[in-house]
Amino acid sequence: MNAPHEPVNRLAAQEDGLGCHSGAEKMKAAAQASGKADVLAQYARDYPLPEGAGPHDQPQSMCPAFGSLRVGLRMKRTATILSGSACCVYGLTFTSHFYGARRSVGYVPFNSETLVTGKLFEDIREAVHAQADPEKVDAVVIIDLCVPTASGVPLQLLPAEINGVRIIGIDVPGFGVPTHAEAKDVLAGAMLRYARGEAETGPVAAPRQARSALPAISLLGEMFPADPVGIGMMLQPMGLTVGTVVPTREWRELYTALDCAAVAAIHPFYTASVREFHAAGRAVVGSAPVGVEGTEAWLQAIGSAVNVGQAQIDAAKNRFLPMIRGVLASAPIKGRITVSGYEGSELLVARLLIESGAQVPYVGTACPKTPWSAPDLEWLQARGVHVQYRASLEQDIAAVREYRPDLAIGTTPVVQAAKEAAIPSLYFTNLISARPLMGPAGAGSLAQVINAALGNRDRFDRMRSFFEGVGTEHAAGVWEGGEGAAGVPQERPEFKAETRRQVIKIMKRRKAEEMLP
């Protein structure tokens with residue numbers, strides 16, 4: 001017999017594209033009316049937008065669900081299933097394989113009938129049962145995208161385990177989770193909560209490798225593979241060792257992550273994960289060991305959090321701070337640089353650039369302000385840096401135009417806008433965050449790529465001179481003759497105004513038709 005489940009909201013399927021284009025506010029209202037109010041309220045607390053923010057006042061990033069999908073696909077013995085509109089699932093699977101995923105993504109499709117009758121939930125449950133093979137997987141993750149979430153598909157009614165396989169159901173709607181970075185925390189936090197419950201009720205799987213006898217510091221946030229190694233070396237003089245990195249690569253690593261002396265929130269936006277560590281009685285320390293001053297403050301904070309003697313803390317500082325100082329001096333960076341991105345490490349990169357000698361007037365991050373980024377915020381503001389949390393694309397581009405940097409580091413559209421203005425630029429995700437940042441290894445990692453990019457200014461000036469006279473925007477192209485029918489196209493604002501009027505008229509007519517019985 002099928003278990004009863006909550007009714008699905010029919011309103012979410014009545015808009016164009018099964019709800020995809022009905023707008024964030026309508027979909028949020030539909031979700032709240034269909035049993036998802038508590039989920040959305042928790043997301044609003046964990047991942048807040050600025051007070052009074054409208055539908056266009058959140059950062060522009062890729063679909064947030066990619067963050068949760070990425071976490072699931074990077075874990076061994078974990079099956080990941082999506083339920084959402086076909087176009088969304090296509091885009092997410094394409095992006096995941098573009099970034100190196102080497103396993104299939106499950107998909108539970110739907111149509112208007114299966115959505116509003118509740119058959120979609122039965123299809124999801126059937127798919128989960130089919131994937132829950134304990135010989136192959138430790139966990140099955142099912143992710144509801146916008147339309148199933150707005151329709152109230154009750155993932156909470158799925159069994160917690162099937163044949164010993166853990167079942168993790170999460171809602172990751174674009175209208176509830178602002179960025180893909182925070183969506184990583186949605187799944188990481190849900191997994192930590194499940195694992196903590198297991199550890200509190202009985203024995204759990206041992207780690208694959210023998211545990212060190214030293215107290216461990218778990219690391220929170222995805223980072224370059226060399227960084228945990230470097231952090232472990234800096235912890236050693238204090239009698240500590242580096243622990244598990246969350247998000248983890250295997251389920252059993254969740255237990256070792258929780259079994260730590262303290263947690264280093266390298267990326268400061270993992271609010272749900274921090275909540276689970278706090279529930280397990282673990283202290284959480286913000287910032288990271290970047291540059292001389294950042295490393296000194298971080299070593300002090302970590303040592304104090306786990307009651308390490310000051311002599312041992314000083315020993316770690318005396319061993320590594322001179323090394324970092326020497327690397328920074330040997331690879332200086334000179335120039336004005338703006339920094340923006342959606343990975344969550346933007347403030348750390350700015351600190352490292354400043355200690356390397358760069359002038360950084362602006363840092364924009366798509367992530368929210370949290371207590372664990374406070375040390376970096378205070379340090380940057382003390383040096384005159386404008387830090388913009390929840391930065392929009394428009395704010396990042398405005399900063400490039402205002403400060404006219406020698407180099408702009410940012411997302412793809414920021415890089416594009418900077419290059420159009422003949423300003424050298426680097427894509428944050430692929431060229432900056434894909435490098436070590438911590439300790440001595442991180443101190444010199446940025447210099448080569450940054451200085452090479454700074455040296456491209458003359459090349460950009462030559463290109464701009466070569467293309468002088470080529471049209472832009474409505475007049476893009478090479479045109480012969482003067483303005484007019486045979487020459488450069490003229491902008492016609494009256495045509496745009498008429499088109500807009502016609503679109504508004506059509507929308508009003510559709511709205512009136514919806515109100516008819």
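Helices here are DSSP runs of H or I with at least four residues, strands are runs of E with at least two, and both are numbered from the N terminus. Pro247 is also among the residues closest to the centre of the largest pocket.

Keep in mind that this is a predicted model: local features need pLDDT of at least 70, side-chain atom pairs count only at pLDDT 80 or more, and totals for chains, interfaces and linings use all residues. Residues are numbered from 1 along each chain as its sequence is written, and side-chain values use heavy atoms, with hydrogens and water left out.

**The largest pocket**

- The largest pocket holds about 1300 Å³ of space; a pocket is an open set of points on a 1 Å grid over the protein atoms alone, with protein on both sides within 12 Å along at least five of seven lines.
- Its lining counts 50 residues, and Arg74, Pro228, Val245, Pro247 and Arg249 are the closest to the centre; a lining residue has an atom within 4 Å of a point.
- β7 (241–246) is one of the elements that supply at least two lining residues, alongside others including α2 (65–73), α7 (180–201) and α8 (226–235).
- With five residues, β7 gives the most to this lining.
- By class, the pocket lining splits into 21 nonpolar, 14 polar and 15 charged residues; Ala, Val, Leu, Ile, Met, Phe, Trp, Tyr, Cys and Pro count as nonpolar, Asp, Glu, Lys and Arg as charged, and the others, Gly among them, as polar.

**The cavity**

- The count comes to one cavity of 30 Å³ or more, a cavity being a set of grid points where a 1.4 Å probe fits but cannot get out.
- The largest cavity has a volume of about 110 Å³; volume means the space filled by probe spheres set on the points, which are joined across faces, edges and corners.
- Sixteen residues line the largest cavity, with Pro268, Gly344, Leu347, Ser373 and Asp376 nearest its centre.
- Helix α13 (residues 346–355) brings the largest share of that lining, three residues.
- The cavity lining has nine nonpolar, five polar and two charged residues.

**The five-stranded sheet**

- Five strands make an open, mixed sheet in the order β2-β1-β3-β5-β4; strands pair if DSSP finds at least two bridges between them.
- β2 (106–107) and β4 (161–162) are at the edges with a single partner strand each, so one side of each has no neighbour in the sheet.
- β1 (residues 78–83) and β3 (residues 139–144) run parallel and are joined by six bridges, with isoleucine 81 standing opposite isoleucine 142 in β3.

- The whole structure has 20 salt bridges, each a side-chain nitrogen of Lys or Arg within 4 Å of a carboxyl oxygen of Asp or Glu.
- One of them joins the side chains of lysine 36 and aspartate 171 at 2.9 Å, N to O.
- That pair links distant parts of the chain, 135 residues apart: lysine 36 is in helix α1 (residues 24–46) and aspartate 171 in strand β5 (residues 165–171).
- Serine 287 has a positive phi, near 70°, despite being a residue other than glycine, and lies in the loop between β9 (283–285) and α11 (291–305).
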